[in-house]
Amino acid sequence: MSTRGFGGRRPAAAQAGRIPPGQSLTEDFPVLSAGPTPRVDLAEWRFALRLGPRTLQAWTWDEFQALPQTTQVVDIHCVTTWSKLDTEWRGVLVDDLLAAAGLGAPTPWVLAHSADGYSTNVPAADLTGGRAMVATHYGGRPLTPDHGGPARLLVPQLYFWKSAKWVTALQFTARDEAGFWELRGYHMRGDPFLEQRYGGD
């Protein structure tokens, strides 16, 4: 894993209820990834909803940009113990992706897939009800490659490894399948307020 840019401080009393146990506040936005940053050609970019191996719906970059756009301001929490408050994101809610495809969530489990081969499992319940989006902008600007651009999953109520960078597909699965870090001992859900960092937590 590569990382840079983290300088933490303990939360002020007024912010303490927003900071999960074991976390420190940062004003930076640390860069962490399991491997090198892929360079994604927007002309070739596709985002898909899948059920098992079958593609249910897919969008080109231009088609994706034409979908309803939502802005959210949320706190984010990394398993490496930093938290960043009031981050602003814009993208397409997973609810709106499902609506555009004429679907409800077909299974309770999802694997998010990325352009670099990364994957992570997320319960469908954590992706719907306005709780998650495929984000293309951060702080009013297009998402940079280091932070997962052109598009990343944003699931702010879970540890940030669940917010897969360079996301290209959400695959609904028949069972809860472990992704990259989950296969290496990380928790299958990853709730920061429950400190669900590792499998036994």
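This is a predicted model: local features need pLDDT of at least 70, side-chain atom pairs count only at pLDDT 80 or more; totals for chains, interfaces and linings use all residues.
View 1. How enclosed is β10 by the rest of the structure? Strand β10 covers residues 133-138, and five of its six residues are buried, so β10 is largely enclosed by the rest of the structure. Buried here means under 20% relative accessible area.

**View 2. A hairpin joins β10 and β11.** Next comes strand β11 (residues 141-142), which pairs with β10 in the antiparallel sense over two bridges. Tyr-138 is found opposite Arg-141 of β11. Two residues lie between the strands of this hairpin, and Gly-139 takes a positive phi near 60°, a handy torsion to check while you are here.

**View 3. Ala-112 is a buried residue of β8.** Ala-112 belongs to strand β8 (residues 109-114). Is Ala-112 buried or exposed? Its relative accessible area is 0%, so Ala-112 counts as buried. Which residues does Ala-112 touch, leaving aside its neighbours within four places in sequence? Ala-112 is in contact with Tyr-118, Ser-119 and Thr-120, with Leu-153, and with Ala-164, Val-167, Ala-169 and Leu-170. For a sense of scale, Ile-19 lies 26 Å from Ala-112, C-alpha to C-alpha, with the two residues 93 apart in sequence.

**View 4. Strand β8 takes its place in a five-stranded open sheet.** Follow the strands in the order β5-β4-β13-β8-β9 and you will have traced this open sheet, whose pairing is mixed. At the edges stand β5 (54-60) and β9 (119-123); each has a single partner strand, so one side of each is left without a neighbour in the sheet. From one strand to the next, the twist averages 20°.

View 5. Strand β4 (residues 46-51) and β5 run antiparallel and are joined by six bridges. Within this pairing, Arg-50 stands opposite Thr-55 of β5. As you inspect the side chains, keep in mind that in a regular strand they alternate between the two faces of the sheet.

Note on methods: Residues are numbered from 1 along each chain as its sequence is written. Side-chain values use heavy atoms; hydrogens and water are left out. Buried means under 20% relative accessible area, exposed over 50%, partly exposed in between (1.4 Å probe, protein chains only). Helices (H or I, at least four residues) and strands (E, at least two) are DSSP runs, numbered from the N terminus. Two strands pair if DSSP finds at least two bridges between them. Contact means heavy atoms within 4.5 Å. Axes are lines fitted to C-alpha atoms, for helices over the stretch in contact, and angles run from 0 to 180 degrees between N-to-C directions.
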